[in-house]
Amino acid sequence: MRVTFNMLNQTVLGNLMLNSQRLMDAQDMTSSGKRIRRSSDDVPGMGRAISLRSTIASIEQFSRNSDFAAAQLSAASSAMQAIVSKMQDVRDKAMTAASSATSPEARMAIATQLDQIMRELADLGNTQHLGKYIFGGSITSSKPIIENAGDPPYIYVGDNRNLMVQVSPGIDLKVTITADIIFNVGGTAVPGTDDVFSVIKTLKELVIADDVEGISAHLDKIDDVRRNAISVNSQVGAQLKWLETAKTSLLDSKLRVEELLSKTEDIDLAEAIVHLRTQENLYQAALATANRVLNISLADYLK
Amino acid sequence: MPSFFSLHVAMSGLRAHQYAMSVTAHNIANAGTQGYHRQEARFMPGNPLMGAFSMTGIGIPQLGTGVMVNTIERMRSDYIDSQIRMAGQWAELWSYKDQTLKQIESLVAEPGELGLSNALNRFWNAWEELSVSPESLPSRISVIESGVALSLGFRNLYSSLRQLQARADQDVIDNASRINSIAHEIANLNEQITRSNSGGFQPNDLLDQRDMLLDKLASITQIQVHGAGGSDMFISISGKTLVQGHRVNEVTITPGDHGRSKLVWAIDGTDVQITGGSLLGQLQIRDGVIEEYITKLNTIASTIVDRVNAVHATGITLDGSPAGNFFVPGTNASNMAVAADTLTLGITSPAPDDVYNSLPKMLAAIRDEILVDGETINGAYLGLVSRIGAQSREAASRSQVQNLSLQQLNIQRESISGVSIDEEMLNMVKFQQAYNAAARITSVIDEMIETVISRMGVGGR
C-alpha cells in the first residue's frame, strides 16, 4: 500500500479529532458532575432520572402537605385539650353542686362560673390557625360557634365538609374536625344526648334551682359529652402521632430516591477523574505521535 | 547509420526526462490540492528502425530510436470513487440528522430544571398545594402561574420545532439550487473535456475538477453516473437524466403540502425521487421526525387542556359561581394558554360533596390518570423525550460509522491517487540522474563526432 503524506495527515487529524472529542466529553462529564447530560447519553437512564425527579417532587409536596396537616392538627389538639379540661371543670362543678354540703350561695357562684365556662368553650370552638377558623368545616372566615338568644345558648353555623390532605401516596388524611362533633350539636356524636351548651345550660338551671337530685341525674349527660370530647381529642392525638411516622418514612423514601437519582445521573467522581486522566494521556500520546511521523521526509536525507 | 542518429536518441532522453520532471513538479505543487489525482508520465521506447543498417547479415535487427512520453496517466480507481460517493451520501444524511436531533435534544433540555417535565411537576404540585388551603391567594396565584409556565413551555418547544422544520425546508431549497449549479459546472466541464479530447489532449486537471463535483453532488443526493467517465458520461437521479454532455435538466422547487417545498423536474413537473444524501436527511427530518414530535407534543398538550378543563368546570370559584375553563379550550401545543385568573379559578367542589377540597385534589390526581396511548401525561412526555434521545443516539452512531467508513475509503483513494512526497523525491533524483546521463551521452557523441571531424584524415590538410 502506498502511504502518502496526506494519508498520514488525515489519519493523524482524524485520531486527534476523535481523541479531543473524547477529552472534551470526559471534561464535560467531570465538570458538570452529570453522567446524563442529554437524553441520548443514556435513554433508559434519562427516563429513570425524570421519573425519579417527579417522584421527589411529589414526595416534597406530600411532606409540605403533612407539615400543613400537622400544624392544623396541633392547633386543633391544643384547643381540644383545653376543651377537655373545661369539660372536666364542668363535671367537678356539677359534683360540688350535687353535694348537700354545698351552700346555696356557693351554688350561685357555680352557676356564674358555668356561664363563664360556656363562653370559654364557645371561644375554643372558634379557635383560629393562620387566621382561619379551624372547627367550622369549609367555612373558615367566620366564627362557627355564635351566641344564640334562645335555646341552646350557642349554635353551630359552620358546615360539615372536610379538608382531605394527601400526606402520602394514596393516603388522604382528614384534617378538619368540626365543632358540631366536638360539642355534639344535634346529637351527631352521641345520639340521644343534647349538645354541650344545652347540657351545661340545663346543669346551670338545676344548680340555680338547688335540685341536688336533678344534678346527680344530669351527671350521666355531662359524662356523655365529656367522654365524646375526650375521644375526639385522642383521635386528633392518634392522627398527629401517625403523621409523625408517615413524615419520617416520607423523608426516608426521599433519601432513598435521591440516592437512586444520584446513582442514575451523577458521575462517580473518582472514576470520572481517572477517565479524564486517561483521555488526557491518550490525547497527549496522539499529539506526540503526530510530531514524530509528520516531521520526517526523504527530503531531509537527500543531499 | 548517420552519425547524428545517436545524438537524436540522446536528445529524446533529455526531453523525456525533462518532461517527467515537470510532471513531478506538478505533482509536488499539487500535493495539497483537494481532489487532485497523482499523474505519472508513461515512457515508451520510440519506434525502432527496421534493419536499415544491418551489419550482421543475419536477421533484421531493430535499432531503438530513444524514448518518448506516451501518456500522462491520472492515477485513480473507478471502483473506489463510486464507493466513496455511496458512503458520502449516507455520511451526509446521518450527520445532518445527527446535528438536527442534537439541536432538538438541547431544545427539550431533559433531564434538567428547564425541561417540560419540571413544569409539569410544578403544575401538578401547585394543585396539590391549592388543595391544602383552597381559599389562600398565594396558592391560587401559584396555580395560575404554573399553568402559564406550562403553556409557555409547550408553546416554546412547539415553535422551536417549527423553526427547525422551516430551516430544514430552507436547506432543501438551497440544495435544489446547489444541484443546479453543480450540474451546470459539470456540463461546462463536459464541454471543455470533449473539446480537449477531440484535440487529442488529455484533460487530466479538468477530469479532477469534474470528479470533485460528482463527489459533491453525490453527497447531496444519490446519483447514478453512466458512461466510461470520459466525455460520454451522463448523470441521472433515480433514472432521470440530470446532465448529459453539456445539457442540463434542471430541478426546481414548487410549493407542496403544508406549505413545504417540493423538488420537481423543471421540464415536466414530476417529483424528483430522492433516495439518499443530505437532501434525503432534510426531507426525513422535515416531514418525518419533526412532524412526529410535533404531533405527539400536540396530543399531550391538548389532552392536558381537555382533561384539566373537564375537571375544572365541575368546580366552583371563591365566590361560589361555577368555574369555567382553566385553559383556553381547544388549544394544543401551538397556542396553549391559561384562561382562568385568581377569581375565576375553581377551588372547591359544589356543596353536596362533603370533602370541600376535592376539586384541586382531583386536578392534582390527573397526573396519575392514564390518558395518552396507555400512558399518563408525564409518561407520554417521557416517551417523546425517550424517542428523541433514541433517535439522536442512532443518528450519532450511524453518522460516526458512515464517517469512519468514508474516512477509510478516502485513505484508500489517497493511497492510489495521493501524492507521496518521498516518491516524488525519488522520481526527481531518478529523472535528474537520467537527464544527466543523457547529457553525458550527448557530450560523448559530440566528442566522437569531433574525433571524426578534427582528428581523422589529417592528410587532407
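This is a predicted model: local features need pLDDT of at least 70, side-chain atom pairs count only at pLDDT 80 or more; totals for chains, interfaces and linings use all residues.
Local features need pLDDT of at least 70 and side-chain atom pairs count only at pLDDT 80 or more, while totals for chains, interfaces and linings use all residues. Residues are numbered from 1 along each chain as its sequence is written, chains are lettered from A in the order in which they are written, and side-chain values use heavy atoms, with hydrogens and water left out.

At the interface, 48 residues of chain A are in contact with 50 residues of chain B (heavy atoms within 4.5 Å). The two chains bury about 4,000 Å² between them, with carbon and sulfur atoms giving 54%; this is the accessible area (1.4 Å probe) lost on putting the two parts together, summed over both. A:Arg2, A:Ile50 and A:Arg161 supply 17% of the area that chain A buries against chain B, more than any other three residues.

Five salt bridges are counted between the chains (a side-chain nitrogen of Lys or Arg within 4 Å of a carboxyl oxygen of Asp or Glu). One of them joins A:Arg64 to B:Glu129, with the closest N and O atoms 3.1 Å apart. On the chain A side, α1 (5–32), α2 (43–98) and β5 (164–168) each supply at least two of the touching residues, and α2(A) gives the most, with 13 residues. Helices (H or I, at least four residues) and strands (E, at least two) are DSSP runs, numbered from the N terminus.

A pocket is found on a 1 Å grid over the protein atoms alone, as an open set of points where a 1.4 Å probe fits, with protein on both sides within 12 Å along at least five of seven lines; lining residues have an atom within 4 Å of a point. Grid points are joined across faces, edges and corners, and the volume is the space filled by probe spheres set on them. Of the 31 lining residues, A:Gln21, B:Asp98, B:Lys102, B:Ala396 and B:Gln400 are the closest to the centre of the largest pocket. The largest share of this lining, 12 residues, comes from α1(A).

The second largest pocket has a volume of about 930 Å³. Its lining draws two or more residues from each of α1 of chain A and α2, α5 (204–220) and α8 of chain B, with α8(B) giving the most, seven residues. Closest to the centre of this pocket are A:Gln10, B:Gln34, B:Asp215, B:Asn410 and B:Arg413.
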